[in-house]
Amino acid sequence: MKKIFAVLLSAALCAGMLAGCGSKPAASGDSTEMKEGQTIQTVVDRIIDEVGIAMPAEIDDTLMKDVFYIDPEKDVDEYYGQFAMVNVSADNLLAVKAKPEQKDAVIEAMGKRLKDVQASFANYLPDQSEKAQKGRVVDRGNYVFLVILGESPESFDDDLDRAVKIIDEAFAA
């Protein structure tokens, strides 16, 4: 009985870790495109309107390289994002349309940024640490999103789910 419970618990934890760390990766060169009228900026703006971000600052080329580990010239066709410019918030929201051959590098870079944010709050501000731990890298075709958002510990899961739903709604079925 204990072995069965241990196996089930391990499977549940593995599934939870995979679900929390991002979405199922699409093949490089996937032709998934946004619906007409949708852009990465409209998606980011809608998420910010509906979920919020503390003290937002727009992400520029320098921040892309130095903080998000992404070379805008080499790795992306376009990007838009905002993150909290205060050290008491883990909020990060970045959307990138990766060049097809660079998609995996963009996913890896966003994963590194997620780990940086998680580490920076690990022993500092428990609610922000929890928010960072729940952060996700989501990819849809050549579009990759880093989402670390939430208003309060009670709503972090719902806020992240709402952000991913907004992302999903931006793409053709």
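This report describes the secondary structure, helix packing and selected residues of a predicted protein model.

Residues are numbered from 1 along each chain as its sequence is written. Because the model is predicted, local features are given at pLDDT of at least 70 and side-chain atom pairs at pLDDT 80 or more, while totals for chains, interfaces and linings use all residues, and side-chain values rest on heavy atoms without hydrogens or water.

**Overall organisation**

The protein has seven helices and five strands. These elements are DSSP runs numbered from the N terminus, with helices being H or I runs of at least four residues and strands being E runs of at least two. Along the sequence, their order is α-α-β-α-α-β-β-α-α-β-β-α. Of the 173 residues, 43% count as buried, where buried means under 20% relative accessible area, exposed means over 50%, and partly exposed lies in between, with a 1.4 Å probe and protein chains only. Contact, here and below, means heavy atoms within 4.5 Å. Among contacts between residues at least 6 apart in sequence, 69% join residues at least 24 apart.

**Helix α5 and its surroundings**

Helix α5 covers residues 103-120 and has 18 residues. From its first C-alpha to its last it reaches 26 Å, close to the 26 Å expected at 1.5 Å a residue; the expected span is 1.5 Å times one less than the number of residues. Its buried residues are Lys103, Val106, Ala109, Met110, Gly111, Arg113, Leu114, Val117 and Gln118. An α-helix has 3.6 residues a turn, so residues three or four places apart point the same way. The cover over the buried residues of α5 includes the helices α4 and α6 (126-134), together with the strands β2 (76-84), β3 (92-98), β4 (136-140) and β5 (143-148).

Ala132, in helix α6, has 0% relative accessibility and therefore counts as buried. Apart from its neighbours within four places in sequence, Ala132 is in contact with Ala90, Leu114, Val117, Gln118 and Ile148. Leu114, Val117 and Gln118 are also among the buried residues of α5. Ser120, by contrast, is a residue of α5 that is partly exposed, with a relative accessible area of 44%.

Two packed helices are described by the angle between their axes and the distance between the axes. In this model the axes are lines fitted to C-alpha atoms over the stretch in contact, and angles run from 0 to 180 degrees between N-to-C directions.

Helix α2 (residues 40-50) and helix α7 (residues 156-169) have axes that come within 10 Å and cross at roughly 150 degrees. The two helices are therefore roughly antiparallel, a term for angles over 145 degrees. Their crossing is right-handed, meaning that the near helix is turned clockwise from the far one by less than a right angle. On the α2 side, Val43, Arg46, Ile47 and Glu50 take part, and they meet Arg162, Ala163, Ile166, Ile167 and Glu169 of α7. By class, this contact has five nonpolar, no polar and four charged residues. Nonpolar residues are Ala, Val, Leu, Ile, Met, Phe, Trp, Tyr, Cys and Pro, charged ones are Asp, Glu, Lys and Arg, and the others, Gly among them, are polar.

The axes of α6 and α7 also come within 10 Å, crossing at roughly 35 degrees, and this crossing is right-handed. Here Asp127, Glu130, Lys131 and Lys134 of α6 meet Phe156, Asp157 and Leu160 of α7. The residues of this contact divide into two nonpolar, no polar and five charged.

**Pairs separated in sequence**

| Pair | Separation in sequence | C-alpha to C-alpha |
|---|---|---|
| Ala132 and Ser89 | 43 residues | 9.3 Å |
| Ser120 and Asn87 | 33 residues | 9.4 Å |
| Ser152 and Glu130 | 22 residues | 9.6 Å |

Ser152 belongs to the loop between β5 and α7 and is partly exposed, at 23% relative accessible area. Its partner in the table, Glu130, is one of the α6 residues that meet α7.

**Positive phi angles in loops**

Met55 has a phi near 40 degrees, a positive value in a residue other than glycine. Met55 lies in the loop between α2 and β1 (56-58) and is exposed, with a relative accessible area of 56%. Tyr69, also not a glycine, has a positive phi of about 65 degrees. The loop that holds Tyr69 runs between α3 (61-66) and α4 (72-75), and Tyr69 counts as partly exposed at 33% relative accessibility.

Terms used. Parallel < 35°, antiparallel > 145°, perpendicular 65-115°, else oblique.
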